[in-house]
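Here is a friendly briefing to read alongside the model. It goes topic by topic, with the cut-offs given where each term comes up.

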Amino acid sequence: MILLLAVVAVIVDAAGREAYDWNAFRTYLFDPRIVQSAGITLQLTAYSMIVAIALGVLLAVMRQSPNRVFVAVAWAFIWIFRGTPVYVQLVFWGLFTTIYKTVTVGLPFQQPWFSFGTADLLDVFWIAVLGLALNEAAYMAEIVRAGLLAVDPGQTEAATALGMSWGQNMRKVVLPQAMRVIIPPTGNEIIGMLKTTSLVTAVPYSFDLYTRSRDISSETLNPIPLLLVASVWYIAFTSIMMVGQYFLERRFSRGHVRRVSRGPKGPRAGAGVTKVISVVPAFGADTGDNGRVS
């Protein structure tokens with residue numbers, strides 16, 4: 001009750017404060033520039049995560065490889081990109097076209113086959129996507145590796161004994177079970193990526209949600225309403241992502257959900273409590289007894 005009263009007091013206080021300028025907040029909440037920048041922020045998030053997940057899976061497989069070169073390359077990549085701040089990395093990628101003005105393709109000590117200018121090839125938007133994706137790939141690699149290691153080795157041995165190929169083993173046995181471990185942290189990383197896009201101003205890229213709202217506030221000399229506008233859009237996107245993550249987790253944890261029901265109540269309740277654990281079959285498997293274990 002005290003917490004509820006405190007929340008109400010904060011809301012009432014905020015509603016009456018002139019600094020928040022709620023009229024300006026309503027004016028800019030659906031301003032075309034803000035809406036456009038919100039869409040660009042979603043694009044940055046989606047493209048960066050697609051590249052990061054693909055590269056993260058590759059790095060995780062390399063970490064598990066018996067080839068020492070693959071292991072060393074993957075470990076060095078993860079070490080560098082996890083060990084340096086993402087803002088510093090974005091600044092570096094923003095300077096990439098200055099450091100490497102041209103790229104030459106050919107054999108050493110021979111006339112180059114062809115060369116091209118990096119400024120013509122790399123758009124600022126895609127530089128921002130690349131910078132975000134490379135940083136995130138290092139974290140996704142460890143998430144995927146943890147998911148693969150969480151699968152009991154006996155599962156893969158049994159699948160191999162049944163004559164499954166490596167691809168069938170990964171698709172039907174390993175990945176469905178690993179996804180239960182991979183999805184929750186991946187959902188958190190996607191939400192984190194949505195908010196990390198606010199750092200692309202380091203590239204510099206100025207059409208994401210935060211930077212656009214900051215630029216508008218510089219024109220109006222009224223930053224607080226624009227900060228609230230950006231926060232509302234971020235919260236809306238994050239809420240939608242959390243709902244999607246919830247349903248994905250339910251989808252991939254069907255074989256691991258345990259339902260516990262208590263024993264008899266009433267006069268016989270004092271005689272003890274009986275727990276009945278029901279294991280929901282994974283991916284439609286037939287247990288023969290409805291998967292019930294008493």
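The lining of the largest pocket is made up of nine nonpolar residues, four polar ones and no charged ones. In this count Ala, Val, Leu, Ile, Met, Phe, Trp, Tyr, Cys and Pro are nonpolar, Asp, Glu, Lys and Arg are charged, and the others, Gly among them, are polar. Please keep in mind that this is a predicted model, in which local features need pLDDT of at least 70 and side-chain atom pairs count only at pLDDT 80 or more, while totals for chains, interfaces and linings use all residues. Residues are numbered from 1 along each chain as its sequence is written, and side-chain values use heavy atoms, with hydrogens and water left out.

**The largest pocket**

- The volume of the largest pocket is about 350 Å³.
- Of the 13 lining residues, Gln64, Leu148, Thr156, Met170 and Val174 are the closest to the centre of this pocket.
- Two or more lining residues come from each of helix H3 (32-64), helix H8 (124-149), helix H9 (153-161) and helix H10 (166-196).
- H10 contributes the most to the lining, with four residues.
- A pocket here is an open set of points on a 1 Å grid over the protein atoms alone, where a 1.4 Å probe fits and protein lies on both sides within 12 Å along at least five of seven lines; lining residues have an atom within 4 Å of a point.
- Grid points are joined across faces, edges and corners, and the volume is the space filled by probe spheres set on the points.
- Helices are DSSP runs (H or I, at least four residues), numbered from the N terminus.

**Salt bridges**

- The structure holds six salt bridges, each defined as a side-chain nitrogen of Lys or Arg within 4 Å of a carboxyl oxygen of Asp or Glu.
- Glutamate 142 pairs with arginine 63, and their closest N and O atoms are 3.1 Å apart.
- Because glutamate 142 lies in helix H8 and arginine 63 in helix H3, this pair ties together parts that are 79 residues apart in sequence.
- Glutamate 142 also meets arginine 82 in a salt bridge, at 3.9 Å from N to O.
- That pair links distant parts of the chain, with arginine 82 in helix H4 (residues 68-83) and glutamate 142 in helix H8, 60 residues apart.
- Arg63, Arg82, Glu142 and Arg145 are linked in a network of salt bridges.
- Arginine 82 is partly exposed, at a relative accessible area of 41%; buried means under 20%, exposed over 50%, and partly exposed in between (1.4 Å probe, protein chains only).
- Another salt bridge joins the side chains of arginine 33 and aspartate 31 (3.1 Å, N to O).
- In that pair, arginine 33 is partly exposed at 27% relative accessibility, whereas aspartate 31 is buried at 13%.

**A nonpolar surface patch**

- Tyr87, Val91, Phe92, Leu95, Ile99 and Tyr100 make a nonpolar surface patch of about 550 Å².
- Patches are built from residues with over 30% relative accessible area and no salt bridge, and nonpolar side chains (Val, Leu, Ile, Met, Phe, Trp, Tyr) are joined within 5 Å, like charges within 9 Å.
- The areas come from the Shrake-Rupley method with a 1.4 Å probe, and for residues only the protein chains shown count as cover.
- Helix H5 (residues 86-94) gives the largest share of the patch, three residues.
- Valine 91 is found in helix H5 and is partly exposed, with a relative accessible area of 31%.
- Isoleucine 99 lies in helix H6 (residues 96-99) and is partly exposed at 48%.

**Contacts across the sequence**

- Valine 91 and valine 203 are 112 residues apart in sequence, yet their C-alpha atoms are 5.3 Å apart in space.
- Alanine 137, in helix H8, is buried with a relative accessible area of 0%.

**Backbone points to check in the loops**

- The peptide bond from valine 203 to proline 204 is cis, with omega near 10°.
- Proline 204 sits in the loop between H10 and helix H11 (209-220).
- Aspartate 21 is not a glycine, but has a positive phi of about 50°.
- Aspartate 21 belongs to the loop between helix H1 (2-15) and helix H2 (22-29) and is partly exposed at 27% relative accessibility.
- Leucine 221 also has a positive phi, near 55°.
- Leucine 221 lies in the loop between H11 and helix H12 (223-252) and is exposed, with a relative accessible area of 73%.
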